[in-house]
Amino acid sequence: FTPWYFNLPEAGKGYEVAWKQLMDPKGFLAPFGPTTAEQRHEGFKISYEGHGCQWNGPSWPFATAQTLTAMANVLNNYKQDAISREDYLKTLQIYAGSHHRKLADGRVVSWIDENLDPFTGEWIARKRCEERNAELVAKGEPDKVLRERGKDYNHSSFCDLVITGLVGLRPRADNVVEVNPLVPEGKWDWFCLDRVSYHGRTLTILWDKTGEKYGRGKGLRVFADGREIAHSETLGRVTGTLSE
């Protein structure tokens, strides 16, 4: 899926059919996925042996972020029927749901680490480090394992996935502000992304189905430094121009 991160595949050639595998449980779909290898492939494996950093099955936040960015590009820039906005939201929700860790006392805390078991949500590399440390301690040797090496493994660009994907602020070099939310129609009644720095301005993007949540009227609205520059009654692509 990574080529679409750069919009490399030529449109109109049917390559987008590959994205059907992302939502296929025999492809890449998993409760804490996506997986980093196709599950039907004979080399697919979730292993707690050998090196802790394996890319033949475990889910990696880094790879998931790349996939979601690529997915947003497909939904924005390609005519296709392989994936939908519903698929984007589902994948992002699965991803967000993996950002937890269960402590020894049973508490569940917000967490992001290196790689995880796509079926259980356990952080694999961290588990392997803990096991190695226990082995050293049992032998009376000093702890040399970096158990926290993956803590805050945040080159996942999670915020960007929400800003440019879900809410839909599509970065451009000119003075046009383009917004195309990937929130499926009828899914959410409202959302607001506020205080986004963009081209020296501060943007606010809000969706209010009834107009009663924010009191700024019905529909999708985009503001730059408090001034409305784009509006639509429906949840879809809008553009506005930044004043000189």
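I began with Tyr95, which is buried at a relative accessible area of 1% (buried means under 20%, exposed over 50%, partly exposed in between, with a 1.4 Å probe and protein chains only).

A note on what I am reading: this is a predicted model, where local features need pLDDT of at least 70, side-chain atom pairs count only at pLDDT 80 or more, and totals for chains, interfaces and linings use all residues. Residues are numbered from 1 along each chain as its sequence is written, and side-chain values use heavy atoms, with hydrogens and water left out.

Next I looked up the aromatic pairs, and the structure holds 10 of them (rings of Phe, Tyr and Trp, the last by its six-membered ring, pair if their centres lie within 6.5 Å; planes under 30 degrees apart are stacked, over 60 edge-to-face, the rest tilted). Trp60 and Tyr153 make a tilted pair, 6.2 Å centre to centre with 55 degrees between the planes. Trp60 sits in the segment before α1 (61–77) and Tyr153 in the loop between α3 (124–138) and α4 (158–166), 93 residues apart (helices are DSSP runs of H or I, at least four residues; strands are runs of E, at least two; both are numbered from the N terminus). Trp60 is buried at 2% relative accessible area, and Tyr153 is buried at 16%.

Back to Tyr95: its ring forms a tilted pair with Phe158, at 5.8 Å and 55 degrees. Tyr95 lies in helix α2 (residues 85–97) and Phe158 in helix α4, so the pair ties together parts 63 residues apart in sequence. Phe158 is partly exposed, at 25%.

Last, I noted a cluster in which ring pairs link Phe1, Trp4, Trp19 and Phe28.
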